[in-house]
Amino acid sequence: MSSHLALPIRLPFEEKERHARLDTLTKSVANTLIERYWTPEHLTGVADYSYQAWKYFDEGEAFADVDLYLPSRYKRCVMQTVGETLRSHADKREAFQSIQGVLPDHKIRRIHTRRIKEQLWNAEEYIKSGYVDLLIGQLNSYYDKHGRFPESYFEMQDCPSYSKGVLPYSADDGPTSGQAIKYEYDEDTQTLTVKLKTPDTPEPETRGGWTWTEHELEGYEAFHELLEHGSLSAPSFHPTQTKTGDNYYELSFPIEVEHQEKPDDIETVLAIDGGLRKDATAVVVNKNGEQLSVPYFIQNTERERMKRLDRERNQLNSKLAYLRREGRDHTDSFRHVQAEYERVNNKIRHKREQLVHDVANQVLALALVYDVDAIVHEDLRSLSPPRGEGQLSWELSSWAHREIISKIEYRADIAGLHVEKVHPGNTSRSCPRCGSTGHTTKSPDHFFEVWWGGHFRCDNTRCGFQADRDYVGAVNVARVFFSSSASLEHGFTSSYTGEFEIVPASRSAGPRLVFGDAPVAYLGQSNEKRVTAGGGSCFIAPAVTPTETKNNSSKDSVSRPATHSSSQFTRATAVYCRK
């Protein structure tokens, strides 16, 4: 079995006018096609079609109203783009139909969002869908404007349009005989030669209006290293921009990589717990109950920024609702606020996607460093929503955790790791040392029980174990996995051995290997126990009490078990969970 890892390579700036014409032309034709096929029948048809998306269309019918000349293979590539878009909306429409039956008769607020999701937990298609939170936002916007929810998906969703001419070449005839693109990689010189057919004018009328141009592209070091383990596949054409706003164009080349074999027996696992306020807590445990690593907290650094953007989005949404009630939704003021709302909403969406990719990379990085056989996580239906954190935190604790697990499964499959789920019961309220029940408090310095507390205390006075709640949950996830019964077993130790350093790669560290459009974590070639992970918006840190947050008045401030009481992480090693 194999998968594709993709890496974009920039096309030369001096030919950007030719590439700009290709961008404009394919964007215009794709918008013409999607308007033609934007119907319920075609959404259902393309979703049920099991072959390549372009084969769903009849070429003569699709291009009947297109007066411009496109080579036949370019027509296929455009049809592939349109078909993939229709398939994504077919999935979104299915999610809409699953929500429709459980909508309240008023605007959806946070508590209603929670109830809707709880009613949908048992639907497997909902577990796999990442569209529910986005749909709830769209439904609320529709309700603000019309005072009711839409009766159909098409009543709420306008026909999509393309702002860029993204073009997959997977519908062409292969690397050396393609009629739209040809490419060849010389292993000796590490040179990638690309011949690309582009239009000579914005509106070519004949075959003679297209010309082949040849480029020798400089691949990145990571690109050459990856090619040692796989082979090139058909690229995609992507318009993009520099940070200064200059346009340029890329070819994103997928590289087919064989999956590593998975071990027959699972001896060691990386257990992860999806916490209320941390993205993940991870710890390595073997089947004998020995803890082989310090606990690691993985926390995205963009959460506060996302919360600020969420507040800004809510304010803009309220302004839009006010202008609609005043009958001013046709004014320039409304259009300005609407544009700002879309800008902020896109920022939140991009940051959520980056959060998912980065956290998944860091989890896989830890699994590679400690050479585990499997990654074990809780059944996602056991996740509880955080209170007092607002709508965004609920979205991150439900949607994000599902997406993180999905990305972990994809990466782990390539790396030859099992991904298993367990059905936990009170994993964050059972002592990992003696097995007794415990309670949670706000912090190590508080003793009154609160159900949402971040610190665990064992109720067995002879045990006296205490630790970070999410760390306890991660250890207990491993206990459940290795248990011979459905209940937690006693006898687990709470020691760890070995010291490893995790080095998250910064965003400015150079190009990143990607799974499709997602970064991949990979193990370095040196003998050092280090790992580099694509993306850099996540911290990984051992679960220690930061020095500056310790309570100096407490006698056991140094020897108390591992805690996490601040977003200020320190890269230090401590002795955890002392007996």
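## Basis of the description

Residues are numbered from 1 along each chain as its sequence is written. In this predicted model, local features need pLDDT of at least 70, side-chain atom pairs count only at pLDDT 80 or more, and totals for chains, interfaces and linings use all residues, while side-chain values use heavy atoms, with hydrogens and water left out.

## Helix 2 and helix 4

Helix 2 covers residues 40–48 and helix 4 covers residues 72–100. Helices (H or I, at least four residues) and strands (E, at least two) are DSSP runs, numbered from the N terminus. The axes of helix 2 and helix 4 come within 8 Å and cross at roughly 100°. Axes are lines fitted to C-alpha atoms, for helices over the stretch in contact, and angles run from 0 to 180 degrees between N-to-C directions. The two helices are therefore roughly perpendicular to each other (65 to 115 degrees).

In helix 2, Pro-40, Leu-43, Thr-44, Val-46 and Ala-47 meet Gly-83, Leu-86, Arg-87, His-89, Ala-90 and Arg-93 of helix 4; contact means heavy atoms within 4.5 Å.

Three strands form an open, antiparallel sheet in the order 14-15-16. Two strands pair if DSSP finds at least two bridges between them. Strand 14 (438–441) and strand 16 (466–468) are at the edges with a single partner strand each, so one side of each has no neighbour in the sheet.

Strand 14 is joined to strand 15 (residues 455–458) by four bridges. Thr-440 has Phe-456 in strand 15 as its bridge partner. Helix 13 (residues 469–482) lies across strand 14, strand 15 and strand 16, at about 95° to strand 16.

Terms used: Angles under 35 degrees count as roughly parallel, over 145 as roughly antiparallel, 65 to 115 as roughly perpendicular and the rest as oblique.
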